[in-house]
Amino acid sequence: MLDYIIKVLLFQTLFLVVYDLFLKRETFFQWNRVYLMATSVLAYVIPLVKIDRVQQIIPQEYVVLLPEVVLNPSTVIKEQLGQPITLFFVLKVVFWIGVAVAGVLFALRLYKLVRLITANEKEFTSSYYLVWLQNNKAFSFFNYIFLGKESSNKRQIIEHELVHVQQKHSLDLLFFELQKILFWFNPYSYLYQARISELHEFIADSKAIKTEGKATYFNNLLSETFGVQNISFINPFFKHSLIKKRILMLNKNKSKQNLKFKYVLLIPVLAGMLLYTSCSQSTYSIEKDNNEISALDQIALRKSVPFAVIENAPIFPDCEDAEDPKECLKQSIEKFVAQKFNTNLTKGLGLDPGKKRVYVIFKIDKEGNVTDVKARGPHRALEDEALRVVSSLPKMIPGEHQGEKVGVKYTLPITLMVNVEEVSKHPETITLESQPKVLASTDNSIKNGIISGNVNGLVSGELKGLPGATVSIKGTNNATVTDFDGNFRIEADKGDILILDFKGLPSTEFKVTENNNYKVTM
């Protein structure tokens, strides 16, 4: 929604700049009236338009934002129910309060007009009602012309206001009044209404001087100062801020017909707007944790597009005959991650309580393989677990767009929960009563080069697995952290040196050899 509002404001700015720079000073009043009415609406419509042929020039690799996977939903729901009122809810309430206030103010002004009609003397002619006021005010609203009995030059004023009545200028003003109610926060609704009101006076003046000369009209215009009603949707005969502009416009020579080519400027402006909205992709507001998200992840998230954009999304195994393969893919990935992800990892990492998110970016290539898996999260252990789970997704039927196989990138947010009880039950500080020992082995049953093991020590008289111990390969960035039970898995080749680190203890190293089993004391 924020993206839509920004586009509306941007487009209305461009439309008004074109009007003020190129069209405002011309005497093509009716053309300008159509321009202002049309562009005010187009600014709201264009952001909703997507042209498929324009979208085809986008590179054949898409980033799809998958729905968030909540691994322990009952806990998350409980937390959300207990959360304070969100910013979105506050903004929603403020919006509707603004609509209500603007609506009430409009109703009060309309009631004031109705009171003037019912409380004052009226005359009816074949085309309008003349309402006599007990002052020198003059204005019109639909087919009602309000005229003060104290006013001079009554005939000239009626001729002027009759143009407003005949051309139904009140509809224009009410149109912008409605915009001001629904989009009360949009300053351009007020600017558009001010410009259309000014244009109405130019139109009425240009028609009125045909019945009498310019000089006489000027003299009558300047001879008196009329009061006006402070109502935004009426056409006042005398509005002090407009008198000078009206006189200048009346003195202006009629614009040459060839200057209408200026309206052609609207074509490239509209084309540029349509190109922008068709090529731009929907953005999503991702609630961040306190932990940092890398620039790579931020770019990927900003470029995410709705799940429905891909013509034929990759198909998860067993989803070939599903009624909605895209929905089946989404649900299958969610189910797969929920089943495979080790949620116990959060218990021993010393994380603050609350929701923790891991963002995973991966690609299903043109062959259907899961590649280029990257993850960012609040702890390396959670990142490694996310990488392991997503990398183990099965091979899929690749996606297609415009009849060609395409690589599809996905962003998958995974939410885990760290409970207060778990933090207090498993504190970050562990008091050891003996030197930690490492029991590790090469697991040939899974994949050659995988070292799995356990780091344990004597805690409170009991041998326990130690969470949070770091296991890394010397000279590389490959590292992992033991889970709550002290278990770890890491890729290592023969000859690699594994480094073991634990809080407050010196690092310990051991070399990967032909032996399958290792026992190391830190």
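**Notes on a predicted model**

1. The class in question runs between the buried cut-off of under 20% and the exposed cut-off of over 50%. Asp 372 sits in strand E9, which covers residues 370-376. Its backbone deserves a look too: the phi of Asp 372 is positive, about 50°, although the residue is not a glycine. Why does that deserve a remark? Because most residues other than glycine have a negative phi. Please keep in mind, here and below, that this is a predicted model.

2. Phe 142 is not a glycine, yet its phi is positive at about 50°. Look for Phe 142 in the loop that links strand E5 (138-141) with strand E6 (144-148). Is Phe 142 buried, exposed or partly exposed? With a relative accessible area of 32%, Phe 142 is partly exposed.

3. Now step back to the whole chain. The protein chain contains 15 helices and 20 strands. It has 522 residues, and 44% of them count as buried. If you take the contacts between residues at least 6 apart in sequence, 68% of these join residues at least 24 apart.

4. Which residues of H2 are buried? They are Phe 29, Asn 32, Arg 33, Tyr 35, Leu 36, Met 37, Thr 39, Ser 40, Ala 43 and Tyr 44.

5. H2 also has a partner, helix H7 (residues 169-182): the two axes come within 12 Å and cross at roughly 25°. H2 is therefore roughly parallel to H7, as angles under 35 degrees are counted that way. Their crossing is left-handed. On the H2 side the contact uses Arg 33, Leu 36, Met 37, Ser 40, Val 41 and Tyr 44, while H7 brings His 169, Asp 172, Phe 175, Phe 176 and Gln 179. Sorted by class, this contact has six nonpolar, three polar and two charged residues.

6. Next comes the pair formed by helix H1 (residues 2-23) and helix H8 (residues 187-208), which pack at about 25° with axes 10 Å apart. H1 and H8 are therefore roughly parallel to each other. H1 passes H8 in a left-handed crossing. From H1, the residues that make the contact are Leu 9, Gln 12, Thr 13, Phe 15, Leu 16, Tyr 19 and Asp 20; from H8, they are Pro 187, Tyr 188, Leu 191, Tyr 192, Arg 195 and Leu 199. How many of the residues in the contact of H1 with H8 are nonpolar, polar and charged? There are nine nonpolar, two polar and two charged.

7. Finally, zoom in on Ser 189, which is placed in helix H8. Is Ser 189 buried or exposed? Its relative accessible area is 0%, so Ser 189 is buried. What is Ser 189 in contact with, leaving aside its neighbours within four places in sequence? The residues are Tyr 44, Phe 176, Gln 179, Lys 180 and Phe 183.

Conventions
Residues are numbered from 1 along each chain as its sequence is written. This is a predicted model: local features need pLDDT of at least 70, side-chain atom pairs count only at pLDDT 80 or more; totals for chains, interfaces and linings use all residues. Side-chain values use heavy atoms; hydrogens and water are left out. Axes are lines fitted to C-alpha atoms, for helices over the stretch in contact, and angles run from 0 to 180 degrees between N-to-C directions. Helices (H or I, at least four residues) and strands (E, at least two) are DSSP runs, numbered from the N terminus. Angles under 35 degrees count as roughly parallel, over 145 as roughly antiparallel, 65 to 115 as roughly perpendicular and the rest as oblique. A crossing is left-handed if the near helix is turned anticlockwise from the far one by less than a right angle, and right-handed if clockwise. Contact means heavy atoms within 4.5 Å. Ala, Val, Leu, Ile, Met, Phe, Trp, Tyr, Cys and Pro count as nonpolar, Asp, Glu, Lys and Arg as charged, and the others, Gly among them, as polar. Buried means under 20% relative accessible area, exposed over 50%, partly exposed in between (1.4 Å probe, protein chains only).
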